[in-house]
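Please read them with the coordinates open.

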Amino acid sequence: MSQILAIVTLSKDRIAGGAPIFVVEGEDEMQRTAFSLEKMLDANAHDLKNGTMILVKHS
């Protein structure tokens, strides 16, 4: 089973839910933030191609 650990997004208006949400200013910052969290959380970053990346723990 997989679990969403965090969300990194350019648009806070489009995101809601129970996972921590990181709102960033641009595409570069989104990539840097997601990949840093990926390492810290031992998770996988997935780009949804709509200005949002999710960090998922696959078990």
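1. Buried is used for residues under 20% relative accessible area, exposed for those over 50%, and partly exposed for those in between, with a 1.4 Å probe and protein chains only. By that scale Lys39, at 72% relative accessibility, counts as exposed.

2. The model is predicted, so local features need pLDDT of at least 70 and side-chain atom pairs count only at pLDDT 80 or more, while totals for chains, interfaces and linings use all residues. Residues are numbered from 1 along each chain as its sequence is written, and side-chain values use heavy atoms, with hydrogens and water left out.

3. Lys39 lies in helix 1 (residues 27-41), where helices are DSSP runs of H or I with at least four residues and strands are E runs with at least two, both numbered from the N terminus. Between the C-alpha atoms of Lys39 and Gly18 there are 21 Å in space, for a separation of 21 residues in sequence.

4. Thr52, in strand 4 (residues 52-58), counts as buried because its relative accessibility is 5%. Leaving aside neighbours within four places in sequence, Thr52 is in contact (heavy atoms within 4.5 Å) with residues including Ile7, Ile15, Met30 and His46.
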